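Here are a few notes to read alongside the model. Have it open while you go through them.

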Amino acid sequence: METTTAIPSLAETLDRLARLEPVSSPVLSLYLNAQPDNRGKDHYAPFLRKELHGRLEQFEKRSPARESIEKDVERIETWLAEEVLPSANGIAIFACSATDFFEQLQLAAPIERHRLTVGDRPHLSPLARIVDLHPRHAVLLSDTNHARIFVFGRGRTIEREEVSSLKLSRTDAGGWSQMRYQRHVEDHWLHHAKDVVEALGRIVAEDRAEYVFLAGDEVIVPLLQDHLPKDLAKKVIGVLRLEMRASEQDVMEAAGKALAEHVAKAEAERIETLRGEWRAGRLAAAGPQDVLVALENGQVEELWISSAFAESGDGHPGISPVDDFVQRALATDAKVRFVENPELLAEMNGVVAALRYKPGASPRDNSPVERKVGA
């Protein structure tokens, strides 16, 4: 059995950062696209020279805020010069020297564009979008003797494990002996399937994978499906056509393509359901104003933001309205989802929310049946 150590969830980091209280000192949030060119070089240095040092001029000289940012700029430049990994395609840094806060993330998933904001807390909508675009997903590739389990997320392999059973030797015995041997073979397959499902369940739980793909021959896949517990079976969204010897990169690419197709379809269906709830005046709110009220009341269970609405906050010098929406949602344990097709949310002005309870009511006023509609 081969295993690798699981990487801490980016979603957990996002949740922790969203719960930080606002501070009176300036907090820098820096996002960099670190994808190299065909010569292996990054191109964020000009942005840093212009934006980091340019932002200093917005603060009065020798003021506490200016001194805090000067220290942040020095620390950020030192860290970028010494600590960036060649594999990093995206970098996020949050800093506030006045409160001794400095956190950096190196991501295999790319960040679309450079961003720098200064506010009273971290700017998190770009990070939330990465979490949503790159959910953790597991792939189980198996035959009747051997299985390979992968967990992918953010463009990298988070975990891999192999499960093997002893191969059975063939026999030429006929009659009842052959029948007994066949039963023995089928029993062997069954035990292998159970062992593999047990390993898959453990890995999915430990790594918090949201989706699962199965892949294998016509014998093992039905056995695996028959023995999946209900909670794990709900996460299975497809069966991939892959050779047992497929490379890890091929497995990742096949799963990524299938996942994107599944998410796009599920996204459109979910938005249509919420549109119906909103039009009927039930468990949904739409439009920035109504959604903000719902967020302030802690009613939101699921927040959907169009990519166009999210990008409308780009270039905002501080915490943009989109950031405020995202942070309010995360702080109340609501899911944050981004819709890449802006037409899906055009009628709702770029934002819609599934609600925990009806507008104007308290949670106790809603029956379990009403509550389930928005889940």
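1. Let's start with a pair of rings. Phe 309 and Phe 325 are both buried, where buried means under 20% relative accessible area, exposed over 50% and partly exposed in between (1.4 Å probe, protein chains only). Keep in mind that this is a predicted model, in which local features need pLDDT of at least 70, side-chain atom pairs count only at pLDDT 80 or more, and totals for chains, interfaces and linings use all residues. Residues are numbered from 1 along each chain as its sequence is written, and side-chain values use heavy atoms, with hydrogens and water left out.

2. On aromatic pairs: rings of Phe, Tyr and Trp (its six-membered ring) pair if their centres lie within 6.5 Å, with planes under 30 degrees apart called stacked, over 60 edge-to-face and the rest tilted. By that rule the count is three. One of them, Phe 150 with Phe 152, is stacked, at 5.6 Å centre to centre and 10° between the planes. Both Phe 150 and Phe 152 are buried.

3. Back to Phe 309 and Phe 325: they form a tilted pair, 6.1 Å centre to centre with 50° between the planes. Phe 309 sits in helix 10 (residues 307-311) and Phe 325 in helix 11 (residues 321-331), so the pair ties together parts that are 16 residues apart in sequence.

4. As for the whole chain, there are twelve helices and 13 strands; these are DSSP runs numbered from the N terminus (helices H or I, at least four residues; strands E, at least two). Of the 375 residues, 47% are buried.
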